[in-house]
Amino acid sequence: MTPMDTFISLSIGLTGFKRGALAPDDDTHDIKSLYLKTFAERVTQATVDDILLWYRLIDKRVLGNTPDREERVVTVLFADKPEYELPCRKLLFLWYAGAWPTVVDTPASTHGQTFSEVISAESYTQGLVWRVMQSHPMGSTTYNYGYWANPPPPLSAYLENPV
Amino acid sequence: MTYRYRRSLMLSASAALIALGGCADSGVKPEPHDKLTRADIRSQAALPSLSWQIPLDVDVTQGNPNLQDLQDDFDLLSWQTFVAVNWPAGTNGNPNTGTTIGANLPTVWESWKESREVFLPGGAAPPAWGTDSPPPEVCKGMGDGTLNLTQVGKTPNVLDESAEPFETGPLIDQNGQYVRFAIMMNQDMFDRIVSDQLYSKAGQAAFNKPADFAQKQTPSNVGAIMIKSSWKVMGGNDDTSRFHTIKALVYTNPGEHEGVSASCKLQTMGLVGLHIVHKTKHAPQWVWSTFEHVDNAPSLGEPQSKPSYNFFKKNCTACLANEPPPRPWNPNASYTQPTQVVREIPLTDATQKLNAQYQALLRSANANSVWANYELISTQWPTKANNPIDPSGTPAPVFLANATLETYIQGKTSQGSSSCMGCHNNATMTNGMTSDFTYLLQRAQ
C-alpha cells in the first residue's frame, strides 16, 4: 500500500464514505492530496507516518473483507494507540467540513471551543457534510435548474459517488 | 457508464507492439500506461490520417486507462473533429472528399445553420436545411458575393453578436476592433429542433418535457453538434495568411447594447476561437472541445514567445489583464481600448505535444495550411456520465475557458470561472425546463 492508499483506507474508516466518493478512479478534484498534505503540515509528518504505519500493521491483523473492514481497523487503532484519536478526529473534521479545526480548551462548561480554518475554495465545496445533507454548498451546485422540485437521490448515492 | 469500463477490442498496432516489446521477458503483458503514458505512446505512433469524417465518439484504445490517458483520448477526438468540421466544403456544404484540408476554403461547418436562422420572429418555423435565410434588413445590398460563401450557395455569414456570456464584456483586438461571434448547429441538431418544434416558445410549451438531443449515431448521422466561433476584423498589421478568413456581414445588433444603432459592414474576418460541442453516445453532457489561434494571448507564467499577439500588447506595464473595456459598449465605435488578454490556465504538456503533432501533420498535407496556426486548449468531458448526484457528469478538467469566448471568467473559482458543462448544465428552455446543455433554445420567440 502506498501512503495515499493507506490514507484513503483510514479516511474510509473515519468518514463512512466509500472509496468511489473519497478517491474516485478519475479524480478530477484530487482533494485527497490536499488533505494528506494538510494533515502532515498540521500534525507533523512524523505523526502522520506513524499513524499510517500503525494502520497498515493493524490492517494485516484484522480478518474478513466485510464492508466495515476499514471502520474495524480504525477501532483497533484507537484502542491500541489512543494518542492518535485526536489527530484522526481532526482529519475527520477536515473531510467533512473542508476545514482544519483548532480545539481551544477553556474552563467553561463546554470544555473548549473549536475554531476552524477553511483550507481552500475547493475544500469548501468538496466537504462531505453537504453530501450527508443530500444537498450542496451554498453558492455552488452541480444540480441543474429546477432540481429543488424533485427529491434528492438516496444517501447511498452520495456515499459512493464523486461530485 | 464510465469510459473506464468501455474497452476497445483492439489496441492500436503500435501501442500493442510497444506493450509486447516491454514484456517479452516476463511473459506478463502489462497495461501500456504502466510503462508509458498515452501521450508517450502517441508520440511514437502515427496520428490517424487527416479525414473529413467526424468521429462518432471517443476511442479508448487502452486498457485500464487513468485520468490522463482518457484526457489524451478526448484531446485526440477533439483534433479529429476539428479537422473534419474544417474540411473544405463542396457546393452542397458537405465535405469535399476529393481534396484535403489546408487551403483557406469554406469549411463544412460554415454552411450549417446560424442561430438567427432558426429562432425567428414570432416563433416562425425555420426554412428547411439548405435553404438560405435573408440577412438582416440593414445588411441588404452590402454585397452577396463573398469568396467563401458563394461556393456553398449560401448568403454571406452574418456575425451578429459581440457580447461574451453573462454580459461580462466585449473583447477588443489590438487594432481596437470588437470581436464578433456566431453560433452554428449541424443538421442533426437542427432536425431535432424542428421535429420537436423547439424553435418557438409555443412549441417548447407544447413539448412540455426536457429537451433531449440524444440520437442514434450512424456515419451519416453523427449526432448533434454546436459550434461557437469568434472572429476578429483583419486589419492593421494582421497577417491574413496566418488565419482562416471569411468575408462576412458584420452586423451590429441594436438589441445587444443599449443606445447602439443597427449597422452592417462586409468585412474580412479571421477566425480566432472555436468551440466544438458534440453530443455523443457516451457523453450525454456533450464533449466540449475548444481551439484558439496560436497568436491570441500568452499563458500566465509562461514566456511571451510570439513577436506579437492578437489580444495582448507586450511590454505594457499599464495594461490590466483580462479587464473588459469601460461602458458604454458600442461595437460601432471606430476604436476602443484593446483588451489585454492572458490565458489563466496554461495548456498541459500532453495537449501541447498533441498540438505540435497535429500542426506538423497539417503542414505535411499543405505547407501553408492556415489550420496549423490553431491549437487545442483542452477538451472537457464527463468522467462519470451517469452520476446520480452530479448531472453535470463530474467534468474533467473541472474548468475550461477559451480566451476569446470566456475572456473574463477564466480561472478556477467554483461557480464563477468558466466550466462548459458546469455552466450549460443550468441551461433551460423558455418554459424553465432543461434544454440539454444548450442556451440556444432560450432564443425562441
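A residue is called buried if 20 or more other C-beta atoms lie within 10 Å of its own, exposed if 12 or fewer do, and partly exposed in between, with the C-beta atoms placed from the backbone. The views below come from a predicted model, in which local features need pLDDT of at least 70 and side-chain atom pairs count only at pLDDT 80 or more, while totals for chains, interfaces and linings use all residues. Residues are numbered from 1 along each chain as its sequence is written, and chains are lettered from A and ligands numbered from 1 in the order in which they are written.

View 1. Most residues other than glycine have a negative phi, and most peptide bonds are trans. Trp286(B), although not a glycine, has a positive phi of about 75°, and its place is in strand 7 of chain B; helices (H or I, at least four residues) and strands (E, at least two) are DSSP runs, numbered from the N terminus. Trp286(B) counts as buried because 26 other C-beta atoms lie within 10 Å. Asp30(A) has a phi near 50°, again a positive value in a residue other than glycine, and is found in the loop between helix 2 (19-22) and helix 3 (31-43) of chain A. Asp30(A) counts as partly exposed because it has 14 C-beta neighbours inside 10 Å.

**View 2. Two cis peptide bonds of chain B.** One cis peptide bond joins Arg327(B) and Pro328(B), with omega about 0°, and Pro328(B) sits in the loop between strand 7 (283-293) and helix 9 (349-365) of chain B. Another joins Ala396(B) and Pro397(B), with omega about -10°, and Pro397(B) belongs to the loop between strand 9 (395-396) and helix 10 (420-424) of chain B.

**View 3. Strand 5 of chain B and its partners.** Strand 5 (residues 245-252) of chain B is mostly covered, since 7 of its 8 residues are buried. Two strands pair if DSSP finds at least two bridges between them. Strand 2 (residues 158-159) of chain B pairs with strand 5 in the parallel sense over 2 bridges, and Leu159(B) has Val250(B) of strand 5 as its bridge partner. Strand 6 (residues 263-280) of chain B runs antiparallel to strand 5 and is joined to it by 8 bridges, with Ser263(B) of strand 6 as the bridge partner of Thr252(B).

**View 4. Helix 1 crossing helix 6 in chain A.** The axes of helix 1 (residues 3-15) and helix 6 (residues 85-97) of chain A come within 10 Å and cross at roughly 85°, where axes are lines fitted to C-alpha atoms, for helices over the stretch in contact, and angles run from 0 to 180 degrees between N-to-C directions. Helix 1 of chain A is therefore roughly perpendicular to helix 6 of chain A (angles under 35 degrees count as roughly parallel, over 145 as roughly antiparallel, 65 to 115 as roughly perpendicular and the rest as oblique). Ser11(A), Leu14(A) and Thr15(A) of helix 1 meet Cys88(A), Leu91(A), Leu92(A), Trp95(A) and Tyr96(A) of helix 6; two residues are in contact if their C-beta atoms, placed from the backbone, lie within 7 Å.

**View 5. The side of chain A that touches chain B.** Here 21 residues of chain A are in contact with 24 residues of chain B. Helix 7 (121-125) and helix 9 (155-160) of chain A are the elements that give two or more residues to this side of chain A, and the largest share, 3 residues, comes from helix 7 of chain A.
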